[in-house]
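Student: I have a new structure to read. Could you take me through a few features, one at a time?

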Amino acid sequence: MTAVAERPSAASAVKRPEPPKPPLANYLGLVVIAMAAFAFFWWTREDTSVLFLPLGFITLWAPQWPLIGFLTMLAVLALCWFTRTSPMAAFGALSVVVFSYWAGSNIYFIDRIIDVPSRLTGGNTRDQLIGYFNPDWSYLLFSNVAGTSRPIWGEWLITLCMAVVATIIGCFIGLLLAMLASPVSSFNKATSQTVKAVNSVVRSIPDVGWALLFAAFIGGTAYGLGALAAVLALIMFNIGIVAKLLGESIDAVNPGPLEAADATGANLLQRDRVAVLPAVMPSFVSYSLYVFELNIRASAALGVVGVAGIGGELSRQIGRMSQGYENVGAILWALVLVVLLVDLLSMWIRRKLL
Amino acid sequence: MITFENVDVVYPNGFKGLDNINLNITKGEFVAIIGLSGAGKSTLIRAVNGLVPYTGGTLTVGETVVDPRNKSKLRKLRARVGMIFQQFNNVGRISVLNNVLIGRSAFTSTWRSLIGWYGAEDKEVAFQSLERVGIVDKAYNRASALSGGQQQRVAIARVLAQDPEVILADEPVASLDPPTARKVLGDLRRIQQDLGITCIVNMHHLDLARDYADRIIGMRAGKVVFDGPTGEAIDAVIEDVYQRSLTAEDIATVNVPVSLEDIPAEAEAEAVAAGEPDGNS
Ligand SMILES: Nc1ncnc2c1ncn2[C@@H]1O[C@H](COP(=O)(O)OP(=O)(O)OP(=O)(O)O)[C@@H](O)[C@H]1O
Ligand SMILES: [Mg+2]
């Protein structure tokens, strides 16, 4: 503050402008919107608790949650008004309140979350926590997968191998699709639009969805194909991510070198190879490493649909959790460790390469 | 060698970039194009290799009529017409040699380019080009790790690797400091004379144009308003091109900071106080 005061004041007579006052009418409109939202929440409420507002000569009442929501909306609008926020931004703030109320009430978020402490103290939470914090390392290191002669740690190896194969194939196809998807490197607008559309479809199906599909098409672990189904699922998952992210990197490459390549008479493929690829190589490496991390993580989740690797073992152990939590604990801790290691490794590679 | 016959360029938004240009540039000529910003200098140069499609008239390079719609013909033409840019436009992350080899693209089959396997002759051409511009020792450095003057030499070598008949240069030295600008332009001039290459160069600085060009073309609002040998481009003529009287900045390039505005006022004051008016270069 003192530093500001010490500065010699500019000898300008022009008055500094005040921040403009937002128009009152717009704010009244926002209050009307808030009232409409309140009315909607009132009519659609399912909770019967009601708040009373004694005003001396009359007592008003309103359903508890919609009223709290309404008061929050008014408070937000008041805050916006006093900070002279533009009506558009105030509308945005109001929308956040309205939508979070609407979405939260549809899943009974507040009611359910109030239940959580009692659920944590009752039930077997204590046993579970004790189990998780006393993981059974000898199970992880020395036992076999139930009913087979395969050691548990071998499942980790399978998971790692699935991630490696899926990353390499998925990222390579993703690179090709990214080239086709970006208007900068693609043959024409039509190709680029088509590939983008296909890519959106690929991305709209989550990894577990792909795993279910492939397990259904080609058979899961029961036929010894669990690893393949998981790899194919991960490949589709990786293609979606890499094509999207890298396509955007390609959109943003410096057009200068591309123009220079054009000016030498290079054709499109040559231009993509000599000018586009080197420019996006760092991003590509970075995305590939990121995707590899995701694959390690995802393969644990894919176990739920009965594919191979540590994920399969995890879901089997979860299935027999009634016999103790130490095995699940061991797998989860090991998962944290492996993901950390992969994270460190990819950070190291990124530093070396870029 | 290069003929413009009633050439017009109308941009997609309807703006007329070139208006009825008639020019005849002979083989081996070094032509400087001058004019204020927005006069259409870049448009003129880019029309020659089809980076900007012209919309009326006829543009011929050698025996070939430039046809902006025919992609494969355009590529064949571009193989013979090299282009140098103000921002160098090298691919920063690859080696100098690989940048120069981009100039061989039109003579290399696509699959060879894709796997990055250039033939021995291509490499030989690339090295010779680097020798001509005097940076052969940097062949395996990353292009982005070079100074501005060296980067523009890489760009010239890339163009030379095309073995071009024509070199187009769009403000090739505008990003360089004045002494370097002179050296690079001098190199370009020497190589152009050695190899008999036709050169069209856009320039900001009148005295560079006077020192290096055979012929000066002045442009204003998409039209050619002066065209003559360098000797005829006297101040009065140039003032007509610029539509104002010449200032010292239009002419001088050496020993004057190009843009005094770029130097922060405080730094300038300090330099003056320390008794070295141009000690900030
Ligand atoms: N793609 C475009 N679409 C529409 N108008 C354009 C386009 N490119 C250039 N112009 C216009 O054409 C005119 C000439 O542009 P040009 O780039 O040729 O000027 P210049 O003489 O090279 O200027 P400078 O010295 O600033 O580079 C300008 O008025 C510019 O606004
Ligand atoms: Mg220009």
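Student: Which residues is Gly35(B) in contact with, leaving aside its neighbours within four places in sequence?

Tutor: A contact is heavy atoms within 4.5 Å. In this predicted model, Gly35(B) is in contact with Lys41(B), Met219(B), Val241(B) and Tyr242(B), once neighbours within four places are set aside.

Student: Where is Gly35(B) found?

Tutor: Look at strand E3 of chain B, residues 30-35. Gly35(B) belongs to that strand.

Student: Is Gly35(B) buried or exposed?

Tutor: Buried means under 20% relative accessible area. Gly35(B) has 7%, so it is buried.

Student: How many residues apart in sequence are Gly35(B) and Asn202(B)?

Tutor: They are 167 residues apart in sequence. In space, their C-alpha atoms are 8.7 Å apart.

Student: Tyr242(B) was among the contacts of Gly35(B). What is the place of Tyr242(B)?

Tutor: Tyr242(B) is in helix H9 of chain B, which covers residues 235-242. Its relative accessibility is 5%, so Tyr242(B) counts as buried. Now check a pair: Tyr242(B) and Ile34(B) are 208 residues apart along the chain. Their C-alpha atoms are separated by 8.9 Å.

Student: How do I read chain B as a whole? How many helices and strands does chain B have?

Tutor: Chain B has eleven helices and ten strands. Then look at burial: of the 281 residues in chain B, 49% are buried. Next come the contacts with a separation of 6 or more. In chain B, 68% of these join residues 24 or more positions apart. Last, the surface: chain B has an accessible surface of about 12,800 Å². Carbon and sulfur atoms account for 50% of that area.

Student: What about backbone angles? What is the phi of Phe88(B)?

Tutor: Phe88(B) has a positive phi of about 65°, although it is not a glycine. The residue sits in the loop between strand E6 (81-84) and helix H3 (96-102) of chain B. At 10% relative accessibility, Phe88(B) counts as buried.

Student: And in chain A, what is the phi of Arg84(A)?

Tutor: Arg84(A) is not a glycine either, and its phi is positive, about 55°. Look in the loop between helix H3 (64-82) and helix H4 (87-106) of chain A. Arg84(A) is partly exposed, with a relative accessible area of 32%.

Student: Is Trp43(A) buried or exposed?

Tutor: Exposed means over 50%. Trp43(A) is at 71% relative accessibility, so it counts as exposed. It lies in helix H2 of chain A, residues 24-44. Trp43(A) and Pro63(A) are 20 residues apart along the chain, with 9.8 Å between their C-alpha atoms.

Student: How do I describe two packed helices?

Tutor: Use the angle between their axes and the distance between the axes. Take H13 (268-302) and H15 (326-353) of chain A: their axes come within 10 Å and cross at roughly 175°. H13(A) and H15(A) are therefore roughly antiparallel to each other.

Student: Which residues in H13(A) and H15(A) meet?

Tutor: On the H13(A) side, they include Val285(A), Leu289(A), Phe292(A) and Ile296(A). On the H15(A) side, they include Leu335(A), Val338(A), Val342(A) and Ile349(A). The contact residues divide into twelve nonpolar, two polar and four charged.

Student: Which domains does the assignment give for chain A?

Tutor: Domain 1 is 24-52 + 60-114, and domain 2 is 137-353. Their C-alpha centres lie 42 Å apart.

Terms used
Residues are numbered from 1 along each chain as its sequence is written. Chains are lettered from A and ligands numbered from 1 in the order in which they are written. This is a predicted model: local features need pLDDT of at least 70, side-chain atom pairs count only at pLDDT 80 or more; totals for chains, interfaces and linings use all residues. Side-chain values use heavy atoms; hydrogens and water are left out. Axes are lines fitted to C-alpha atoms, for helices over the stretch in contact, and angles run from 0 to 180 degrees between N-to-C directions. Helices (H or I, at least four residues) and strands (E, at least two) are DSSP runs, numbered from the N terminus. Angles under 35 degrees count as roughly parallel, over 145 as roughly antiparallel, 65 to 115 as roughly perpendicular and the rest as oblique. Ala, Val, Leu, Ile, Met, Phe, Trp, Tyr, Cys and Pro count as nonpolar, Asp, Glu, Lys and Arg as charged, and the others, Gly among them, as polar. Buried means under 20% relative accessible area, exposed over 50%, partly exposed in between (1.4 Å probe, protein chains only). Accessible areas come from the Shrake-Rupley method with a 1.4 Å probe; for residues, only the protein chains shown count as cover. Domain bounds come from an automatic or database domain assignment.
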